[in-house]
Amino acid sequence: MAKLSVELCGVEFKNPVIAASGCFGFGREYEKMYPVSVFGGISLKGMTYEERQGNPPPRIAETPSGMLNSVGLQNPGVEAFLAHELPQIVGKDTVLIANAAGSTVEDYCALVERLSDSAVDMIELNISCPNVKHGGAAFGVSCEGAASVVRAVRRVCKKPLIVKLSPNVTDIASIAEAVEAEGADAISLINTLLGMRIDIKSRRPILRNNVGGMSGPAVFPIAVRMVWQVANRVKVPVIGLGGIEKWQDAIEMMMAGASAIQIGAALFYDPYAPIKIVEGMNSWLDRQGVKDVREIVGTVQPW
Ligand SMILES: Cc1cc2nc3c(=O)[nH]c(=O)nc-3n(C[C@H](O)[C@H](O)[C@H](O)COP(=O)(O)O)c2cc1C
């Protein structure tokens with residue numbers, strides 16, 4: 001059996017497969033099917049300091065090989081998270097990553113300060129949610145904006161800090177460099193791509209929010225390209241996500257430069273995907289005679 005464990009910013013993951021934020025909630029629903037410990041880590045549902053109801057429905061639309069969502073960061077707020085959600089998932093043999101969002105730099109700092117004193121292992125800063133008017137995406141689409149929020153948060157963050165980037169930009173590698181320079185310990189990408197569908201009978205957008213975030217297998221090649229570009233420009237570890245549904249995708253993403261991967265939309269139509277991905281990676285590594293999964297990271301040989 002190949003060694004599947006990876007270490008990111010001093011935190012040990014038993015395997016490189018992580019649940020993507022917003023696609024696994026706080027773990028309650030999936031625990032009826034399998035223990036949450038099948039994942040190396042879990043990025044919990046995106047959180048804000050105050051509770052948010054999210055956007056009005058409809059907030060999901062299907063697309064060929066993917067989906068659009070405009071959930072809009074519905075979450076119970078940090079105090080309810082600490083009182084009711086964290087206690088039920090802590091100590092279950094998986095790395096816990098809190099996904100933090102805000103509208104202002106002060107919001108982000110207050111939230112991260114509160115999370116820093118909790119039992120979560122890492123904090124993933126979401127500067128890339130396209131579904132709320134001030135969901136952080138405004139920070140994530142420019143080097144200056146991204147740098148300003150990471151600089152302020154870094155001062156109050158006592159946990160390893162992952163910064164999650166938006167793909168809705170022209171030069172994602174420059175934004176990655178900007179957040180690395182301000183002290184990001186790792187970078188995750190991609191969040192969703194901004195999209196839209198229209199109901200041709202009513203001539204209205206299918207989503208009540210008009211636009212939403214695109215994810216699922218259709219975005220995979222874009223995610224691989226962006227992970228490759230970012231991994232070639234930064235020294236900190238990169239976590240790759242966007243459209244991963246099979247073990248082959250996970251290996252491809254790691255060859256592009258990801259030290260670990262996250263699974264999002266695939267969990268909705270194949271909740272057992274993480275188990276199949278871990279098993280499939282393991283068998284492939286054995287067949288290839290690779291003893292340690294870390295050996296494949298960034299091994300793509302560009303033409
Ligand atoms: C329904 C839904 C809710 C999401 N909520 C969040 C969130 O709260 N925070 C966040 O950083 N990303 C959120 N995302 C983005 C995913 O974590 C992921 O970056 C994106 O969907 C691409 O991965 P995938 O193609 O594997 O789904 C959400 C995605 C979906 C589909």
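User: How many bridges join strand β3 and strand β4, and in which sense do they pair?

Analyst: Strands of a sheet pair through backbone hydrogen bonds, either parallel or antiparallel. Here strand β3 (residues 17-19) pairs with strand β4 (residues 41-43) in the parallel sense over two bridges, where pairing requires that DSSP finds at least two bridges between the strands, and strands are DSSP runs of E with at least two residues, numbered from the N terminus, as are helices (H or I, at least four residues). A19 has I42 of β4 as its bridge partner. The model is a predicted one, in which local features need pLDDT of at least 70 and side-chain atom pairs count only at pLDDT 80 or more, while totals for chains, interfaces and linings use all residues. Residues are numbered from 1 along each chain as its sequence is written.

User: Which strands form the closed barrel?

Analyst: The closed barrel has eight strands, in the order β3-β4-β7-β8-β9-β10-β15-β16, with parallel pairing.

User: Which residues touch the most other members of the largest nonpolar core?

Analyst: In soluble globular proteins, nonpolar side chains tend to be buried together. A nonpolar core is a set of buried Ala, Val, Leu, Ile, Met, Phe, Trp, Tyr and Cys residues joined through C-beta atoms within 7 Å, and buried means that 20 or more other C-beta atoms, placed from the backbone, lie within 10 Å of a residue's own. In this model the largest such core holds 97 residues, of which I123, I187, V227, A258 and I261 touch the most other members. Helix α6 (residues 220-231) gives the most to this core, with eight residues.

Key:
A residue is buried if 20 or more other C-beta atoms lie within 10 Å of its own, exposed if 12 or fewer, and partly exposed in between; C-beta atoms are placed from the backbone.
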